[in-house]
Amino acid sequence: MSVRNAILGLLAQRPRHGYELRLAFEALVGGEAVWEVKPAQIYTTLARLEEAGLVRQASAAQEGGPEKRVYALTPLGEAELADWFETGLSEAHQRDEFFIKLMLSLENPNANPYRVIQAQRSRLYQELHAQTALRNQANPRRELAQIFLLDKVIMHLEADLRWLDMIEGRLDEIRRQPMPAPEVKPRGRPRKEDSHHE
Amino acid sequence: MSLIIANNLTKIYGSGATAVTALKDVSLEVAAGEFVAVMGPSGCGKSTLLHLLGGLDRPTQGSVTLDGHHLAELDDDRLTELRRRKIGFVFQFFNLIPVLSAEENAALPVILDRVRPSEARARAREWLAKVGLGDRLAHRPDQLSGGEQQRVAIARALVAEPAVVLADEPTGNLDTRASDEIASLLRQVANEWGRAVVMVTHDPRIAAYADRIVFLKDGAIADETVLEPKSQGNAGMVADKMRLMTT
């Protein structure tokens, strides 16, 4: 995701300046330790949103310090936000560095794919252990939103671990199949005799 | 000192052409206060290992020492006595007696060990209070939730003050929430109350409560993972995972 849509949602609550947006975002996800956003990311995103006509500068706040630009949603921004609320999100699980590592380890004489899987499993268990601790430390009377967010992370980790078990169990089968390779396409113009066959 | 020392355990069922090696050359030590999870696919030898550690079965080769006692040196009667005094068992299906109250169920092991019933009941009440069931003493198993029944079973396992607690799929029959509570409680049994706890589970979520995870594969230890202490919850990993989920 984009912090972009979060900014639209936060501006729908009320106009805010960049620093306020950053604090509001971090409070929402449970602290900057969970999901840190750099100020530069907020300001570039705001600039892009303004350029696209989704937000506008509403006024300038001056609280004794330097002037701060306060942004508000435009009708176009409201429409974009409504669209976001009503459209399901796709998560890009296919882009998986571990998967690439594992596939490459299958054909590398210096790598052991079982060790690659075990290293990943160990790492995922460390994470699961840490997340579970964080979740159990959170106070359900005040921090239920954060608990649900951590539950999501925990469930994803569980799924990843189950997937590792599955792939480990069938590694030999994968090995017997050819590595996925690009199709060989002839370069340049097709030769004339080829066209006769079509 | 390690309360559980298993050296080079091998267990072969049957003989000749039909022999099945359930466990081969497994060594494991578990210290007081330590919570170890044993994981692995079905048939990997998890339950066999637990049975050998608990003296419910004898190894073909190798040895088990529990709190200084060599199991191989004990005859069956003395082994039974050691099991009753040194080992608390927790099972997937609770194994409570339906007609007895929580207090009577928890008191049973020490009553069988010829402790006076009034004394046994006092100890049972104490452990039931520690596992959070101080207000459920008179309830029968059918009046308790699954999670509560497993708490009674854990109190029953602890009432003889054993050095070692062995749990076989203790959350296998519980919903997610009760599973988390039971896993937390087993962690407490180890980390706060100083028992050596070994738990067999197939559930990664539950294994993540342990201090160490041992992975069995085809009867042998394939790997071990030591988990960081809980107090060092790593926020950086959360951030990594969030990025993974959301980019």
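Author: What follows begins with the chain as a whole and then turns to the helix pairs. This is a predicted model, in which local features need pLDDT of at least 70 and side-chain atom pairs count only at pLDDT 80 or more, while totals for chains, interfaces and linings use all residues. Residues are numbered from 1 along each chain as its sequence is written, chains are lettered from A and ligands numbered from 1 in the order in which they are written, and side-chain values use heavy atoms, with hydrogens and water left out.

Chain A has 9 helices and 3 strands, where helices (H or I, at least four residues) and strands (E, at least two) are DSSP runs numbered from the N terminus. Along the sequence their pattern reads α-β-α-α-β-β-α-α-α-α-α-α. The chain is divided into domain 1 (3-86) and domain 2 (97-175), with bounds that come from an automatic or database domain assignment, and the C-alpha centres of domain 1 of chain A and domain 2 of chain A are 33 Å apart. Of the 198 residues in chain A, 35% are buried, a word that here means under 20% relative accessible area, with exposed meaning over 50% and partly exposed what lies in between (1.4 Å probe, protein chains only).

Two packed helices are described by the angle between their axes and the distance between the axes. The axes are lines fitted to C-alpha atoms, for helices over the stretch in contact, and the angles run from 0 to 180 degrees between N-to-C directions.

Consider helix 6 (residues 113-137) of chain A and helix 7 (residues 144-169) of chain A, whose axes come within 10 Å and cross at roughly 160°. That crossing makes helix 6 of chain A roughly antiparallel to helix 7 of chain A, since angles over 145 degrees count as roughly antiparallel, under 35 as roughly parallel, 65 to 115 as roughly perpendicular and the rest as oblique. The crossing of helix 6 of chain A with helix 7 of chain A is left-handed, that is, the near helix is turned anticlockwise from the far one by less than a right angle, whereas clockwise would be right-handed. Among the residues that meet are Leu124(A), Leu128(A) and Arg135(A) in helix 6 of chain A, and Ile154(A), Leu157(A) and Asp160(A) in helix 7 of chain A, with contact meaning heavy atoms within 4.5 Å. The residues of this contact between helix 6 and helix 7 of chain A comprise 14 nonpolar, 3 polar and 7 charged; Ala, Val, Leu, Ile, Met, Phe, Trp, Tyr, Cys and Pro count as nonpolar, Asp, Glu, Lys and Arg as charged, and the others, Gly among them, as polar.

In the pair formed by helix 2 of chain A and helix 3 of chain A, the axes are 10 Å apart and the packing angle is about 120°, and the crossing is right-handed. Gly18(A), Tyr19(A), Leu21(A) and Arg22(A) of helix 2 of chain A make this contact with Pro39(A), Ile42(A), Tyr43(A) and Leu46(A) of helix 3 of chain A, and these residues divide into 6 nonpolar, 1 polar and 1 charged. Lys38(A) lies in the loop between helix 2 (18-29) and helix 3 (39-51) of chain A, and Lys38(A) is partly exposed because its relative accessible area is 49%.

Finally, helix 1 (residues 3-13) of chain A is mostly covered, with 8 of its 11 residues buried, including Val3(A), Ile7(A) and Leu11(A).
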